[in-house]
Amino acid sequence: MKPKMGLISGVLGFIFLSALLFSKAQGAIHNYYWVVKQTNFTKLCTTSTILTVNDNYPGPEIHAQKGDTVFVTVQNDGPYGITIHWHGVRMPRNPWSDGPEYITQCPIKPGGNFTQEINLSTEEGTLWWHAHSDWSRATVHGAIKVFPADGTNHPFDEPDGDQTVVFSSWYKSNVMDVLDESIATGGDPNVSDAYTINGEPGDLYNCSAESMYSLLVETGKTYLLRIVNSILNEEMFFAIANHNMTVVGSDGAYVKPFSTNYLFITPGQTMDVLVTANQTASYYYMVLTPFLDTDSSYDNTTSRALIKYTGNCTTPSFTPTPTFPNISDSISAQLFVVRLKSLADSAHPINVPQNITRQIFMTVSVNLFACPNSTGCTVDGNNKLAASLNNNSFVLPSTALLQKYYDNNYNVSLIADEFPNKPPTPFNYTTVANMSAYTNEGTQVITLNYGDEVEIVFQGTNIGATQNHPMHLHGYSFYLVGTGSADFDNGTDPGRFNLVDPPEVNTIAVPRKGWSAIRFKADNPGVWFMHCHFERHTIWGMSTVVIVKNGDTNETSMRPPPSYMPPCS
């Protein structure tokens, strides 16, 4: 191990020097060393071998302050290639460390390592990191806590405690086998066997009562819960019996505080909530259950954890359970979404683009591909499931798109086709009954000029299995300026946009048979992945890439690549 650590120390030293030369970060420097490896965990009466970081599930947390720079050396001692993504971190001018496989890098091969530079800039609150290769993120993920910079504070009273709460999917089977079987048959992947809260399924599952996660609280004290939804394929409702939650942040930005008795949270999102221990000293269930208004398969189980009051408290004979919206209650889901609003005050200003220079109308659909007779596909005859944006199912390149872009002197036309600004065939998106479910495929990208003020309207469709879609954009936070049901009306709906205090987020729930509109300024040059955060939809092609061209100066241009990137061959 000593030679390997010596090499890594040398690489870290070089990258640290590079950071001083190229990064404008004024904060502290942090260094982490992670080992990706297989580890045995016993849950649901079964011992499973899973991929972990440093033998932990969930993985280790990163702690930093706003404006800091973090270096993470990832040593891959697992059996698969791996990449790590820093979800919600803008990574200013530095897509080289962003992480999605074959977009910004090729996977770190077994036995290899890669040091990534995470540049924190405007983010403050809770973000997270996860594997971005195959389905490894099922167990390779963890939280990023970004604390206020020195001399500043939270825009709320300092809590008495600070606790991360991570939601995850648990499979008894090897998750890679689940993925491979789905690809081989062309059908829906098997659903997870359980949901976990901080790695534990809870007492509604077999062999799980004694290990159930418990949060200890003291009467009268207030706790900041940093909630991360890392679940693979389901949006979730979450509630705490007899306790309201005050939402104060989402996706690494503060929001106007509001009190609620439930959360609606999609895969990829984070929520910061304050909970005050103001009930009779006892035990109370925290409950996690899916939201799904679709005919698609899903894990219809429920995970529970406990809030336990400390001190003069005995185990109760009855533990209260919270009430929930119905599993398909889309109204409650959307009512939660529209309550999220930015602080938009002098200490936390926002800058919503007003003079749009690029508009994109993007349909979001689940589709089909026809299969050759020899493949054994089983969906609706001899088909396999697919997914698309503007009728294009994205095809991952065989080498990193970012490197190709750089090697071809930033000439997009030499590396990919251009993504259309609107679907090739307009139709009644949410009511059509006879539109073909088949789609095209290719590597199409959205090209933006530096400084463009961009508006994207995501439109859900009636094609295939309709449901919400959690859309995520790398390299940016954006403003959710509007959302609604049915087809987007370009004549009337923009007049209802919230341009005063929309939430600044990185992942949104595009409603089933509805639409969501976002705006952002293209001020972060690079190659950035955009995709649905349901893993099954990503592998089916519900994604594209946003390439933001360089500006006219070094400070508005992509940084050059580091001295080492994982090889693609």
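Trainee: Why is Cys207 called exposed?

Mentor: In this predicted model, Cys207 has a relative accessible area of 58%. Exposed means over 50%, so Cys207 is exposed.

Trainee: What makes Cys45 partly exposed?

Mentor: Its relative accessible area is 46%. Buried needs under 20% and exposed needs over 50%. Cys45 lies in between, so partly exposed is the term.

Trainee: How do you know that Cys45 and Cys207 form a disulfide?

Mentor: Their sulfur atoms are 1.9 Å apart. The cut-off is within 2.5 Å, so the pair counts as a disulfide. Cys45 sits in the loop between strand S1 and strand S2, and Cys207 in the loop between strand S10 and strand S11. The two are 162 residues apart.

Trainee: Why is the disulfide of Cys45 and Cys207 called right-handed?

Mentor: The torsion about its S-S bond is about 95°, so it is right-handed.

Trainee: What makes the disulfide of Cys371 and Cys377 left-handed?

Mentor: Here the torsion is about -80°, so the link is left-handed. The S to S distance is 2.2 Å.

Trainee: Why are Cys371 and Cys377 called buried?

Mentor: Cys371 has 10% relative accessibility, and Cys377 has 9%.

Trainee: Which cysteine is joined to Cys106?

Mentor: Cys568, with S to S at 1.9 Å. The pair links distant parts of the chain, 462 residues apart. Cys106 is at 2% relative accessible area, so it is buried. Cys568 is at 36%, so it is partly exposed.

Technical notes:
Residues numbered from 1 in each chain as written. Predicted model: local features only at pLDDT ≥ 70, side-chain atom pairs only at ≥ 80, totals over all residues. Heavy atoms only, no water. Helix = DSSP H or I, 4+ residues; strand = E, 2+ residues; numbered from the N terminus. Buried < 20%, exposed > 50% of the residue type's maximum accessible area, 1.4 Å probe, protein only.
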